[in-house]
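Let's take a friendly walk through a protein model. Have a look at the picture first, then read on.

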Amino acid sequence: MSIKPALPALAAALLFGASTPLAKLLTGDVSPLLLAGLLYLGSGLGLGVLLVLRLSLGKVPAADLRIPRAERPWLAAAIVFGGVLGPALLMMGLTSTDGASASLLLNLEGVLTAVLAWLVFKENADRHIVMGMAAIVAGGLLLSWEPGGAAFSKGALFIAGACLCWAIDNNLTRKVSTNDAMLVAALKGLFAGACNTALALAGGAQTPDGLHLAGALTVGLLGYGLSLTLFVVGLRTLGTARTGAYFSVAPLFGVLISFALWPQAPSVLFWPAAALMALGVWQHVRERHEHEHSHEAMAHHHSHRHDEHHQHGHGPDWDGVEPHAHFHQHVSLTHRHAHFPDIHHRHPH
């Protein structure tokens, strides 16, 4: 319907894709698990500082920076699956899996995210969305394929398990996506970073020097923290499967940035891979999902404008600024318009 709703998810993919070649500059003697922990810590700590700045500047009321009690179990489960189990399984898998196989297997995350969204959480999908997802995944497979280099091992099961954990994380995070996106991302980064860093240090990993430590924290803030913040915004406005599909183009951005850092001629497979991913994004952008649907009465808290779904009053203390965030109620409503499976359109089909 428009490229605008997809921009947060695509920006998240760009930032995360950039984190891979930038993290490669930091590897050296840093263990993979410790590097993962530091990247997550950089995400959590950096976003925490930004949250404090937003509070001190009056950009967000303190009351808005809280997760409702009923939603905390969803967030806790997302942190466990995505921030603890996922990285641990990935590291176990990488010890006995070659790079080509690992790159191919990591494309499972987008597929599993969409399958869970469609089959378990009943998110709607039409042929444009399914075809777009198929094209993006096919492009990812081509982008990571190394002819003659892929040899699957038992470690492949661990990597597939990591992708399943991240797919579960993506779908669970959707449950808390109405909350402040930066707060959700900061909490995930802090808990996941502390856990992974503690595991790495307990396993004998050595803390890197100050320069590499600062670099890892900075890359974590940009490639994990801000990326995840934008990903949560995407979940709020697009739903899980569509956000996951757009996010799946991250490897393409990573390859392009790698070419900038280490100039070389693209492989023969790069161009068809890029074309397939572009085709997939186009299929999603051209989607138009419209039918008569009903909204049940509900109350929640998120940033919004006074559109057709938000026709509520305010007290005399409202300054008239939009968008704004506060707890508000929705009355029952039946109407027809084009829509995504966002936080207001999670109705059955």
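Which residues of the largest nonpolar core touch the most other members?

## The cores

They are Y246 and V249, in a core of 44 residues. A nonpolar core here is a set of buried Ala, Val, Leu, Ile, Met, Phe, Trp, Tyr and Cys residues joined through side-chain atoms within 4.5 Å. Buried means under 20% relative accessible area, exposed over 50%, and partly exposed in between, using a 1.4 Å probe and protein chains only. Leaving out residues up to four places away in sequence, Y246 touches A6, A9, L10, A13, L238, V281, H284 and V285; a contact means heavy atoms within 4.5 Å. There is also a second, separate core of 20 residues, including L38, Y40, L105 and A205.

In soluble globular proteins, nonpolar side chains tend to be buried together.

## What we're looking at

This is a predicted model, where local features need pLDDT of at least 70 and side-chain atom pairs count only at pLDDT 80 or more, while totals for chains, interfaces and linings use all residues. Residues are numbered from 1 along each chain as its sequence is written, and side-chain values use heavy atoms, with hydrogens and water left out.

The protein chain has 349 residues, and 49% of them count as buried. Its secondary structure comes to 12 helices and 4 strands; these are DSSP runs numbered from the N terminus, with helices (H or I) of at least four residues and strands (E) of at least two.

## Helix α8 and its cap

Now for helix α8, residues 181-202. After α8 comes G204, which has a positive phi, near 100 degrees.

D180 sits in the loop between α7 (155-174) and α8 and caps the N-terminal end of α8, with a side-chain oxygen 3.1 Å from the backbone nitrogen of M182. D180 counts as buried because its relative accessibility is 17%. Its side chain also makes a polar contact with the side chain of R54 (2.8 Å). A polar contact is a pair of N or O atoms within 3.5 Å; within protein, one must be able to donate a hydrogen and the other to accept it, and residues adjacent in sequence count only if both atoms are side-chain atoms.

## A buried alanine

A117 lies in helix α5 (residues 108-119). Why does A117 count as buried? Because its relative accessible area is 0%.
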